[in-house]
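I am keeping these notes while going through one structure. Each entry says what I looked up and what I found.

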Amino acid sequence: VKVYVKVFTNSPFLECADMTYSQEEVIDPKYSWIGPDGKNLEGRMYVNLTETGKLMVTGFKESMSGAYTCTLSHKIIETTTQEERKISEAYKFMIYAYREADHAYQVFVRFTTKECKLAANGQFFEELKKILNNIISDLTCHIVKSSYKCHSVRIPKQGLLHELFVSFQVNPFAPGWEEVCHQVPHNCEDATNTRVQEARGRIEEFFNRQTYALRHEFQTVPVIHYVDNSFSVTRIDSCRPGFGKNYTAHKNCTSCCVVCDPGTYSPNNEVTCQICARPRVKMYGARSC
């Protein structure tokens, strides 16, 4: 059974039984839990073991990932002869640490312009970036990977128009974001994701206001103006070093950044754990080989 535990939280209680045993009486049960290091977990500071054999791992870290095996030993007593038999059952759980993915938003918008060689196009683009950064600066978010291209577009019943195709990314790691995370170190992804989602909402509202202004406020339409309904946005996920996404291996946690398996590593904020050329890495969550 695969179990996913968010870093720094407690695992759910794992029951040392299958569905059959969990619903029936068990005579003289004895439970033995073995951790990923092959040693007995009884008495460890970071585990909570109940008298009925349930296990909780507390303050879960990526290094705690791996195989947790429980052996249930108990007796079966024959009702007619009262003969006792001792049997054992083993249950294996693969527990993986995971983190929430860091979110950023890729935005695409278009503006009509007079001509592609217009010098004002570049000035407009720089001014647009300043305005957008000012809108979201208090959220320690910023605009990155911004660019624009000018294209000629033939539009039915309007002829040939010139448009600026603008793209940029709304990113939650503007200078100062680490100080914000110090207030919530264990849930930093949650905090940055909340902030960048609000930043995305503010930017969408900014472009919606452009549509309203063009229709109701301008006497003369500006030379460069927003193309109605051209705003589109795509969420981009990234993982912290030591974590990655694997849709095949972790089908029940496809949106999670799961700890890299032994023999793999992730040195940066990509979403894939890379395979070591010489797999000497024996630990989970490696950031290098």
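**Entry 1: two backbone angles**

I started with T140, which lies in the loop between helix 2 (120-136) and strand 8 (142-155). The model is a predicted one, and I read every value below with that in mind. I looked up the phi of T140 and found a positive value near 50 degrees, in a residue other than glycine. Is T140 buried or exposed? The relative accessible area of T140 is 12%. Buried means under 20%, so T140 counts as buried.

I then looked up D28, which is not a glycine either and has a positive phi of about 50 degrees. D28 is found in strand 2, residues 27-34. I noted 45% relative accessibility for D28, which counts as partly exposed.

**Entry 2: the largest nonpolar core**

I asked which residues touch the most other members of the largest nonpolar core. They are W33, L55, F60, Y68 and I95, out of 32 residues in this core. I then went through the strands. At least two residues of this core come from each of strand 1 (2-6), strand 4 (55-57), strand 5 (66-77), strand 6 (84-100) and strand 13 (256-259). Strand 6 supplies the largest share, seven residues.

Leaving aside residues up to four places away in sequence, L55 touches S11, P12, F13, L14, W33, L41, V47, N48, L49 and Y68. Another core, of 23 residues, lies apart from the largest one, and F125, L132, V170 and V196 are among its members. As a reminder to myself, nonpolar side chains tend to be buried together in soluble globular proteins.

**Entry 3: disulfides**

How many disulfides does the structure hold? I noted six, and I looked up three of them in detail. A disulfide is a covalent bond between the sulfur atoms of two cysteines.

The disulfide of C116 and C150 has its sulfur atoms 2.1 Å apart. This link is left-handed, with -80 degrees about the S-S bond. It joins distant parts of the chain, 34 residues apart: C116 is in the loop between strand 7 (102-113) and helix 2, and C150 is in strand 8. I checked accessibility for both ends. C116 is partly exposed, with a relative accessible area of 30%, and C150 also counts as partly exposed, at 22% relative accessibility.

Next I looked up C239 and C257, joined by a disulfide with an S to S distance of 2.1 Å. The torsion about their S-S bond is about -80 degrees, so this disulfide is left-handed. C239 lies in the loop between strand 11 (232-238) and strand 12 (243-244) and C257 in strand 13, so the pair ties together parts 18 residues apart in sequence. C239 and C257 are both buried.

The last pair I looked up was C260 and C273, a disulfide with its sulfur atoms 2.1 Å apart. Their link is left-handed, with -85 degrees about the S-S bond. C260 is in the loop between strand 13 and strand 14 (264-265), while C273 is in the loop between strand 14 and strand 15 (274-275), 13 residues apart. C260 is buried, with a relative accessible area of 0%.

Definitions and conventions:
Residues are numbered from 1 along each chain as its sequence is written. This is a predicted model: local features need pLDDT of at least 70, side-chain atom pairs count only at pLDDT 80 or more; totals for chains, interfaces and linings use all residues. Side-chain values use heavy atoms; hydrogens and water are left out. A nonpolar core is a set of buried Ala, Val, Leu, Ile, Met, Phe, Trp, Tyr and Cys residues joined through side-chain atoms within 4.5 Å. Buried means under 20% relative accessible area, exposed over 50%, partly exposed in between (1.4 Å probe, protein chains only). Helices (H or I, at least four residues) and strands (E, at least two) are DSSP runs, numbered from the N terminus. Contact means heavy atoms within 4.5 Å. A disulfide is a pair of cysteine sulfur atoms within 2.5 Å.
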